[in-house]
Amino acid sequence: MLSTVLIWIGFHHVMKLVEQHKYPAIGQYVQIENQRMHIYTKGNGPNTIVLLSGLGTVSPVLDFEPLINEMSNHNRVVVLEPFGYGWSDKTDKKRTVEHIVGELRSALQQLNIKGPYVLMPHSISGIYSMYYAHEYPEEVKAVVGIDATLPAALAYFNESPPAIPGYMRYAAPIGLARLAVYLDGSAYLPLASEGAYSDENLAMTKAMTAWNGYNKNVIQEASELGDNVRKTAQMSFPSDIPVLFFTRDDGRVSEDGRSQFTFLQTQLTDHPSSTIFPLQGHHYLHWTKSKEMSETVLKFLKDIKDKE
């Protein structure tokens with residue numbers, strides 16, 4: 001039994017080397033405190049949209065592909081892969097909101113990608129976008145949330161932060177993540193219609209899940225979530241920054257009448273362009289709604305310009 005386990009672990013690490021050679025980074029690297037961070041950019045236009053991923057998204061660049069392709073027709077789109085994600089290195093730095101935002105800002109500055117930016121966070125990155133906009137408002141033109149987790153939500157719904165068991169950090173190094181992908185690869189792929197993602201994208205996503213799934217940085221980020229929420233819970237988006245919230249229209253309403261829509265109403269800013277846009281779909285709304293989202297963002301940004 002032990003010999004079988006050791007053979008599998010050895011096979012996993014050989015395959016990892018083969019796959020990493022087969023699938024090199026598609027963007028560019030910047031050096032941050034002796035670690036490489038991977039950044040991908042596409043398109044040109046009057047706005048720089050910075051896409052930020054949710055917790056545990058194996059490769060933000062691959063996951064956002066349909067949305068990148070749509071939005072880059074009219075704007076510059078930037079995808080930052082934080083440490084522990086995609087082609088970026090892992091880090092020993094704690095995954096505090098201060099470190100994560102500081103690293104993202106450093107990457108943008110090193111590549112001379114100038115703001116103000118349209119921050120477009122998915123899920124947990126809503127917390128980082130809140131901190132970014134609160135601490136550096138002059139660098140933020142607008143915020144567009146993709147079913148974004150905002151710091152005040154836990155108190156509003158009386159919920160606790162989600163947790164990932166610490167032992168999951170060993171899933172990739174010992175080959176368990178690879179075994180899971182081999183047994184049911186579709187469970188680790190976007191739930192999108194055929195053709196939304198290229199075959200190469202899906203193959204890379206499977207490979208990266210085997211290398212990187214629930215690595216130490218993702219687990220540490222999850223464990224830091226409670227503290228990051230506490231640090232930002234009293235923050236709000238500056239009143240003059242326009243915000244657009246894409247949210248799932250799942251029909252869920254609590255006994256006291258609270259829903260995701262009523263919560264987001266409390267997070268709207270005073271800017272006349274600020275709005276909420278419900279969509280039917282998965283938490284990863286961009287898997288199936290990229291075209292509709294891109295069109296809505298384009299109208300939103302035009303509306304901001306018209307009101308300037």
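**The largest cavity and its surroundings**

Mentor: Sorted by class, the lining of the largest cavity has eight nonpolar, three polar and one charged residues, where Ala, Val, Leu, Ile, Met, Phe, Trp, Tyr, Cys and Pro count as nonpolar, Asp, Glu, Lys and Arg as charged, and the others, Gly among them, as polar. This is a predicted model, in which local features need pLDDT of at least 70 and side-chain atom pairs count only at pLDDT 80 or more, while totals for chains, interfaces and linings use all residues. Residues are numbered from 1 along each chain as its sequence is written, and side-chain values use heavy atoms, with hydrogens and water left out.

The residues you asked for are Leu52, Ser53, Gly54, Leu55, Pro82, Tyr85, Ile100, Leu104, Ile124, Ser125, Tyr128 and Glu221, and they surround about 80 Å³ of space. A cavity here is a set of points, on a 1 Å grid over the protein atoms alone, where a 1.4 Å probe fits but cannot get out, and lining residues have an atom within 4 Å of a point; points are joined across faces, edges and corners, and the volume is the space filled by probe spheres set on them.

Helices α4 and α5 each supply at least two residues of this lining, helices being DSSP runs of H or I with at least four residues, numbered from the N terminus. Helix α4 (residues 97-110) packs against helix α5 (residues 125-135) at an angle of about 70°, and their axes are 10 Å apart. That makes the two helices, α4 and α5, roughly perpendicular, a label for angles of 65 to 115 degrees; axes are lines fitted to C-alpha atoms over the stretch in contact, and angles run from 0 to 180 degrees between N-to-C directions. From α4, Val97, Glu98, Ile100, Val101, Arg105 and Leu108 meet Ile127, Tyr128, Tyr131 and Tyr132 of α5, where contact means heavy atoms within 4.5 Å. The contact of α4 with α5 has eight nonpolar, no polar and two charged residues. Ile100 and Tyr128 take part in this contact and also line the largest cavity.

The structure holds three cavities of 30 Å³ or more. The second largest cavity has a volume of about 40 Å³ and is lined by Gly56, Val58, Gly84, Asn212, Gly213, Tyr214, Asn215 and Val218. By class, the lining of the second largest cavity has three nonpolar, five polar and no charged residues.

Note on methods
Angles under 35 degrees count as roughly parallel, over 145 as roughly antiparallel, 65 to 115 as roughly perpendicular and the rest as oblique. On a 1 Å grid over the protein atoms alone, a cavity is a set of points where a 1.4 Å probe fits but cannot get out, and a pocket is an open set with protein on both sides within 12 Å along at least five of seven lines; lining residues have an atom within 4 Å of a point.
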